[in-house]
Structures are given as C-alpha cells and as structure tokens.
Amino acid sequence: MTVVQRELSREGHAVTAFFHNPGIHPWKERDRRLRAVSDYSGQLGIPLETDTDYPLEDNLRMLLEADNRCRACFEERLSATARMAACRGIGAFSTTLSISPWQDHEAIQSEGRAAAARHGVEFIYRD
C-alpha cells in the first residue's frame, strides 16, 4: 500500500485503503497482514475498509477451475475493489498488485479496466 498510496496522494487523490484477499492462508497470516495494514493506515490517517469474509474454500475452488489462475485472481480482487468503491461513492480505484515486477501487468491492467467498466468507476493503474 505504501508506494501506491504515496503516489496517488501526491497526485491529489484522497486515498481509502481496502483490505481484501480471500486467498491468504492460514488465517493467522491473513490476520497478521490485516493488522499491518490497519496499523499503517492508522498511522497515516488513511481510512481503511476491510472485507471481513474469508471464503477460502470458494477462492481455492475458483482458482483450481480457472484456465489462468493469475488472471482469475486479478479479476476477483479487482472486481471486489471496484464494487466496494462504487458502493461507497468512490469514483476510482487502484491496486498494490502492480508494485511487483513478478506480476502480469498486462493482465492487471486488462482486469482492472474490465472491473471499472462493470462497476462504473475509474481504474487508475500505476506501475
């Protein structure tokens, strides 16, 4: 969240963090990551929305049935983020997925744009 948040804030965007990752296992690791995001956002005064669902079995089933697991994961996570933004009247969303050089950035952009179109919000891509 750190790099993306700093860049978007510098550009004048009001940032709200959203914690959503149904594939973190075990629960203890999910809880550790959520606490870290919560502490960080609290220190910076960034509002944090948290998805409290933990549909691990559904997520694993979806990934096992997918032709392209990375793209399926991007689609699920970016759609959830776009849906949250739209429901809360937030006009745009971005992702921390793009900070990793190991991710498929073309797929992130494609799935982000598709999620934005489905939910009527803008996708802001930053590498």
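A cavity here is a set of points, on a 1 Å grid over the protein atoms alone, where a 1.4 Å probe fits but cannot get out, and its lining residues have an atom within 4 Å of a point. The structure is a predicted model, in which local features need pLDDT of at least 70, side-chain atom pairs count only at pLDDT 80 or more, and totals for chains, interfaces and linings use all residues. Residues are numbered from 1 along each chain as its sequence is written, and side-chain values use heavy atoms, with hydrogens and water left out.

A search of the whole structure turns up 1 cavity of 30 Å³ or more. The largest cavity comes to about 40 Å³, a volume being the space filled by probe spheres set on grid points joined across faces, edges and corners. Its lining is made of Phe 19, His 20, Asn 21, Pro 22, Arg 30, Asp 51, Asp 53 and Pro 55. Sorted by class, these are 3 nonpolar, 2 polar and 3 charged residues (Ala, Val, Leu, Ile, Met, Phe, Trp, Tyr, Cys and Pro count as nonpolar, Asp, Glu, Lys and Arg as charged, and the others, Gly among them, as polar).

Then there is the largest pocket, with a volume of about 910 Å³; a pocket is an open set of points with protein on both sides within 12 Å along at least five of seven lines. Of its 33 lining residues, Ala 17, Phe 18, Ser 94, Thr 95 and Thr 96 sit nearest the centre. Helix α4 gives the most to this lining, with 5 residues (helices are DSSP runs of H or I with at least four residues, strands runs of E with at least two, numbered from the N terminus). The lining splits into 21 nonpolar, 10 polar and 2 charged residues.

Helix α4 (residues 69–87) also meets helix α5 (residues 105–119): their axes come within 8 Å and cross at roughly 35 degrees. These axes are lines fitted to C-alpha atoms over the stretch in contact, with angles running from 0 to 180 degrees between N-to-C directions. The contact of α4 with α5 holds 8 nonpolar, 4 polar and 5 charged residues.

A cis peptide bond, with omega about 5 degrees, links His 25 to Pro 26, and Pro 26 belongs to the loop between β1 and α2.

As for confidence, the protein chain averages a pLDDT (the predictor's confidence in each residue, from 0 to 100) of 93, and 99% of the residues score at least 70.
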